[in-house]
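Subject: Structure handover

Hello,

Here is the structure I promised to pass on. My notes follow below it.

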Amino acid sequence: MEQGTGPRAGEERGDPDAREPDERVGDRAGIVDATSPSDAADETGADGPGTAGGPENPPVLVAPVVWAMEQLVGWATGRPATVRWDTALTSAVRGRVDRVTVGVTDLRVGRLDLDRVVLRTTDVRLRPGVPPRIVGGPVDARVMVRQRAVDAWVGSSGLPFRLELTEGGLRSTTGLASLRFGELLTALTVRDGWLKLRPVGSFGRVLPDLVGTVFTGNLPLPELPEQAELVEVEHRPGALVARLSLGELDEPIDPGVARRLRARLEAAESTW
């Protein structure tokens, strides 16, 4: 996993609990906004070396937690990832990591190529047992998809519309039989555990409920956890950034973990 140098934890985010160097261990907090359109190398510049453990290796007290997170990401994605961590000494002595941030670029999830994914969680620790589990606070996910990936999915699926990612929102051009609706304003929503696209309006006219129902469908992505919520959607020219809350981290580390995690990312269902 990649690690590097950058601003101290807490300072770049203005966290009120940021400590002085002698009070923190392994200052490697969250990835610089990995959903910005700039190059991935700039976005994932790592934070500076910690006050203990050196720039590459975490202190022995939290090394098992950091190792487990690195392995989970590798098993799930099969992609190079950046893992960063940040913890106070009082947490480290109890084997807990206050914040962990994971960044992956060029990741195929279901049948959609995501430009980048950033996951953040808090209070990460290993829970003893058979099997042991890695647990933590709520997982915050930020994903970016670009126009070329959407075009590839729409084209390969033979869908009867074009979906355009604009600064003003999602626009789709479609029709029903001989009836053409022109450009439809489409919203991203979470319903029944799936990330869905639903037309919410037509430029210059009110969209009939029936049309909205007909053209509502799932994105070709895996089913979300039951407690998942769509927190925010940011529209950019040729790109979309979605922030989701995925519920608390709780994953058993057993012989089937790699197969299970990979299957979750590869599973996809489309209702179109």
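Predicted model: local features only at pLDDT ≥ 70, side-chain atom pairs only at ≥ 80, totals over all residues.

Residues are numbered from 1 along each chain as its sequence is written, and side-chain values use heavy atoms, with hydrogens and water left out.

T121 has a relative accessible area of 6%. That makes T121 buried (under 20% relative accessible area, 1.4 Å probe, protein chains only). Its side chain reaches two backbone oxygens: that of G137 at 2.9 Å and that of P138 at 3.4 Å. Beyond four places in sequence, T121 is in contact (heavy atoms within 4.5 Å) with residues including D98, V100, V139 and L249.

V100 touches T121 in turn, along with M69, W85 and L119, among others. V100 also belongs to the largest nonpolar core (buried Ala, Val, Leu, Ile, Met, Phe, Trp, Tyr and Cys residues joined through side-chain atoms within 4.5 Å). That core has 49 residues; V100, V102, I134, V145, W153 and L188 touch the most other members. The largest share, 7 residues, comes from helix α2 (residues 63-77), helices being DSSP runs of H or I with at least four residues.

Lastly, which residues tend to be buried together? In soluble globular proteins, nonpolar side chains do.

Best wishes

Terms used:
Buried < 20%, exposed > 50% of the residue type's maximum accessible area, 1.4 Å probe, protein only. Helix = DSSP H or I, 4+ residues; strand = E, 2+ residues; numbered from the N terminus. Polar contact = N/O pair within 3.5 Å; in protein donor to acceptor, adjacent residues only side chain to side chain.
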